[in-house]
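Student: I would like to learn how to read contacts, cores, helices and sheets in a model of this kind. Could we take them in turn?

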Amino acid sequence: MRIDKMLANMGYGSRKEVKDLLKSGVVQINDVIVKNGKEQVNPNKDTVTLQGEVIEYKEYIYLMMNKPQGVISATEDNHDETVIDLLELEDAVYSPFPVGRLDKDTEGLLLLTNDGQLAHQLLSPKKHVPKTYFAVIDQEVSEEDVMAFAAGVTLDDGYVTKPGKLKILKSGIRSDIELTITEGKFHQVKRMFEAVGKKVVYLQRISMGPIQLDESLELGEYRELTDDEMAALREATAK
Ligand code: URA
């Protein structure tokens with residue numbers, strides 16, 4: 001692969017910007033300065049450095065974030081901070097985007113990648129990838145609600161949801177629940193509870209397919225998916 005293509009692919013600028021970068025003499029392949037963008041590099045064998053720092057070539061990046069409240073699941077926004085604003089530059093250069101959306105006030109597991117195909121498969125209604133949420137509800141949640149969700153509830157726009165698996169963790173004047181759904185309609189969890197006359201007062205996603213939120217991540221922190229998590233994701237989306 002050409003060195004200019006590798007650098008451009010990795011987000012180090014446009015072809016023109018990469019050309020200027022090379023010209024300035026800050027790029028080396030195996031300790032030799034390269035100024036010509038046509039120079040060939042084998043990303044798996046050669047060591048490429050930029051200002052002395054080794055550049056690890058990869059085409060795709062896969063991250064899990066513990067999304068905090070107040071941040072938008074989008075790549076840009078005119079008013080609010082986005083999840084992309086929370087990334088380090090070394091990860092942002094890959095131009096990842098969030099896989100689906102969490103509401104501004106929802107916390108928890110958010111996957112980010114620049115692998116459009118995997119993102120598409122994870123979000124495809126045909127794949128039925130389950131998503132599990134922990135929620136606090138403003139009142140008592142009953143076995144009737146469990147049965148209603150299992151049958152599917154009618155949302156405010158007349159849409160009847162696919163069955164959802166509702167687990168009551170604690171029932172009282174405020175209830176803690178877990179809900180697993182296989183769809184991703186707009187505000188789906190909140191609207192499912194509205195359908196049974198209840199309100200979600202706190203919402204957190206705890207899993208998506210085989211990926212569980214890593215509880216060691218503080219709100220706003222993220223990390224790359226492990227090889228095991230990647231293998232599990234690929235298996236879940238291959239079905
Ligand atoms: N359902 C919602 O209502 N909000 C979310 O952010 C995710 C699922």
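Tutor: Let us begin with contact, which means heavy atoms within 4.5 Å. This is a predicted model, in which local features need pLDDT of at least 70 and side-chain atom pairs count only at pLDDT 80 or more, while totals for chains, interfaces and linings use all residues. Residues are numbered from 1 along each chain as its sequence is written, and side-chain values use heavy atoms, with hydrogens and water left out.

Student: Which residues does Leu179 touch, not counting residues up to four places away in sequence?

Tutor: With that exclusion, the contacts of Leu179 are Lys131, Thr132, Tyr133, Phe149, Gly164, Lys165, Leu166, Val189, Met192 and Phe193.

Student: How do I read a nonpolar core, and which residues touch the most other members of the largest one here?

Tutor: A nonpolar core is a set of buried Ala, Val, Leu, Ile, Met, Phe, Trp, Tyr and Cys residues joined through side-chain atoms within 4.5 Å, where buried means under 20% relative accessible area, exposed over 50% and partly exposed in between, with a 1.4 Å probe and protein chains only. The largest such core has 44 residues, of which Ile3, Val27, Leu179 and Phe193 touch the most other members. There is also a second, separate core of 16 residues, with Tyr62, Leu111, Leu213 and Leu217 among them.

Student: Which residues of α7 are buried?

Tutor: The general idea is that an α-helix has 3.6 residues a turn, so residues three or four places apart point the same way. Helices (H or I, at least four residues) and strands (E, at least two) are DSSP runs, numbered from the N terminus. In α7, the buried residues are Glu229, Met230, Leu233, Ala236 and Thr237. Because they cover an arc of only 125° around the axis, they lie on the same side of α7; the arc is that of the directions from the helix axis to the C-beta atoms. On the other side of α7, Asp227, Asp228, Glu235 and Ala238 are exposed, whereas its buried residues pack against β5 (62–67), α4 (116–123), β12 (211–212) and β13 (222–224).

Student: In what order do the 4 strands of the open sheet stand?

Tutor: Two strands pair if DSSP finds at least two bridges between them. The order in this open sheet is β2-β1-β3-β4, with antiparallel pairing. Strands β2 (32–33) and β4 (53–54) stand at the edges, each with a single partner strand, so one side of each is left without a neighbour in the sheet. Between β1 (residues 27–29) and β3 (residues 48–50), the antiparallel pairing runs over 3 bridges, and the bridge partner of Ile29 in β3 is Val48.
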